[in-house]
Amino acid sequence: MNSIIIDYTLHLADTTLILAQRNAEWCGHGPVLEQDIAITNISLDLLGQSRNFYQYAAVLIGDNATEDSLAYLRKEREFKNLLLVEQANGDWAQTILRQYLFSQFQYLLFEQLQNCKNDQLAAIAAKSIKETAYHVRWSSEWVIRLGDGTEESHDRITNAVDQLWRYTGEMFEPANYETIVDVTTLKNDWLQKVTTIFNEATLSIPANAFMQTGGKDGKHTEQLGFILTELQYMQRTYPAAEW
Amino acid sequence: MNIQDFEKIFQEKIDAETKIEPKDWMPDAYRKTNIRQISQHAHSEIVGMLPEGNWISRAPSLKRKAILIAKVQDEAGHGLYLYSAAETLGTSRDEMINDLHSGKAKYSSIFNYPSLTWADMGAIGWLVDGAAILNQVMLCRTSYGPYARAMVRICKEESFHQRQGFESLLVLSKGTDEQKAMCQDAINRWWWPSLMMFGPRDSESTNSDQSMKWKIKRKTNDELRQNFVDMIAEQIKVLGMTLPDPDLKWNVLTKQYDFGEIDWNEFWNVVKGNGPCNKQRLAARRKAHEEGQWVREAAMAFAEKRKLKTKAA
């Protein structure tokens with residue numbers, strides 16, 4: 001029982017950490033100052049969420065595990081994050097769409113999780129869902145703005161849909177440790193909300209898209225190894241140092 | 001009233017410590033000096049995000065990562081307040097950014113030095129933000145109202161930055177031999193450039209006299225630099241590290257620290273564009289701006305469309 005909750009908590013922690021890491025790459029390089037601040041803010045929120053999950057996982061694991069040992073000393077095949085969040089930032093359209101597709105899912109997930117029987121996970125979800133509501137609002141507004149902006153922005157966000165849609169199916173396919181919230185029940189609601197936003201953005205939902213999976217079980221895209229190389233560099237180079 | 005009368009009233013206000021506000025009459029040179037200084041300050045905040053942003057992905061713990069992200073984000077916020085303050089003088093953010101990208105406007109030379117190791121994050125917080133704060137505390141009382149008010153907000157956050165920088169070095173100073181060496185190395189590399197942040201010697205500074213009279217500045221470059229040396233020379237004792245200046249010593253007569261000569265040749269070289277990172281910093285800013293062009297255009301086009309729709313409805 002414990003190992004199921006540990007794996008599930010690590011899955012939630014890894015997903016939020018990796019997306020935080022990706023979004024933070026924009027810091028100092030955003031398309032306009034206000035949006036540089038916004039995407040960095042989202043990064044910080046997600047990092048905070050991941051720390052809460054890692055800290056809880058560390059308690060469950062015991063054995064001197066810490067948030068840092070879990071984030072910095074696990075290997076590629078041990079990370080359980082969604083494939084979607086490790087995808088490259090690409091252009092602003094890809095970053096925005098990745099955020100929207102994920103946040104819309106995360107919102108529905110946290111709605112359920114905040115009422116689950118596990119007090120810790122419920123508390124983290126209840127605290128985080130306010131942030132997620134803002135992430136959904138901000139990213140969906142940008143999806144609409146880019147979709148219904150200029151011809152170039154429409155092309156770019158269409159390309160982003162083409163790049164990223166294949167990583168959305170995984171969110172609704174439960175891993176064997178995903179027993180607390182039945183993610184299959186979130187799919188219709190998610191699709192309905194995404195369709196509404198896409199309609200307003202004059203975008204279409206890809207039909208019969210093939211879905212890539214594996215992230216939840218540690219089978220990632222080639223992106224993850226590079227992310228971890230940077231993320232974990234200091235802890236790997238200076239083992240056992242305190243920072 | 002003729003122009004001399006206006007100037008007289010203006011100077012009387014300054015002398016009486018009344019803030020100058022955007023709609024008040026002011027000499028052209030006062031307006032220009034403030035635009036130059038505030039925009040340069042804003043650009044420094046924005047370019048200053050780069051050497052630290054550089055370490056966000058590699059921060060050695062989740063806590064340090066969160067602190068660093070928050071800090072760099074604060075700097076973006078400072079840039080925003082300052083661009084807004086400069087805009088009250090009749091310039092626009094676009095103009096200011098174009099001047100930065102063309103090389104016409106300057107930013108603080110300190111950000112043309114590279115951040116090579118994690119310890120640089122601590123050294124930048126402690127030394128660079130520490131030097132900036134001395135300047136900024138003075139600017140909280142600068143004569144132009146919007147600038148002074150922006151500085152009051154900024155100072156609160158900057159002093160937090162300096163404390164976290166010092167605290168992160170303190171951890172290194174108590175750590176492994178490698179961490180101690182990393183700490184000392186970062187201090188060695190950032191010390192002299194930090195002293196250069198206060199600008200040329202008073203005898204060489206072209207803008208100083210008029211700026212003091214108008215109370216844009218209230219302390220000279222050399223006064224501020226001395227305050228900084230006196231502060232840091234004490235704080236470094238807590239770290240158990242040394243400053244890379246054999247001439248640094250307490251002077252019982254002047255009751256302040258004597259210190260060695262700055263390499264002014266290096267100073268002017270970096271100002272003229274030959275620092276280790278001048279090219280990279282500007283290139284990064286230009287790239288972000290150019291690649292963001294289509295995003296800004298899309299946002300404007302969308303806003304226009306919505307306006308038309310609301311009108312039609």
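Leu62(B), Gln73(B) and Trp294(B) supply 20% of the area that chain B buries against chain A, more than any other three residues. The contact (heavy atoms within 4.5 Å) takes 46 residues from chain B and 47 residues from chain A.

A word on the model: it is predicted, so local features need pLDDT of at least 70 and side-chain atom pairs count only at pLDDT 80 or more, while totals for chains, interfaces and linings use all residues. Residues are numbered from 1 along each chain as its sequence is written, chains are lettered from A and ligands numbered from 1 in the order written, and side-chain values use heavy atoms, without hydrogens or water.

How many salt bridges does the rule find across the interface of chain B and chain A? There are 4, counting a side-chain nitrogen of Lys or Arg within 4 Å of a carboxyl oxygen of Asp or Glu. Glu34(A) forms a salt bridge with Arg93(B), with the closest N and O atoms 2.4 Å apart.

Next, helix α8 of chain B, residues 177-196. Helices are DSSP runs (H or I, at least four residues), numbered from the N terminus. This one has 20 residues and reaches 30 Å from first C-alpha to last, close to the 28 Å expected at 1.5 Å a residue, taken as 1.5 Å times one less than the number of residues. A kink of about 35° lies at Trp190(B), shortly before the proline Pro193(B); the bend is the angle between axes fitted to the seven residues ending there and the seven starting there. Both Trp190(B) and Pro193(B) are among the buried residues of α8(B), buried being under 20% relative accessible area with a 1.4 Å probe, protein chains only. What covers the buried residues includes α9 (223-237) of chain A, together with α6, α7, α10 and α11 of chain B.

Last stop: Leu89(B), in the loop between α4 (62-87) and α5 (93-102) of chain B. Is Leu89(B) buried or exposed? Leu89(B) is buried, because its relative accessible area is 3%. Beyond its neighbours within four places in sequence, Leu89(B) is in contact with Met26(B), Arg31(B), Asn34(B), Ile35(B), Ile38(B) and Tyr144(B). Thanks, everyone!

Notes
Helices (H or I, at least four residues) and strands (E, at least two) are DSSP runs, numbered from the N terminus. Buried means under 20% relative accessible area, exposed over 50%, partly exposed in between (1.4 Å probe, protein chains only). Buried area is the accessible area (1.4 Å probe) that two parts lose on being put together, summed over both.
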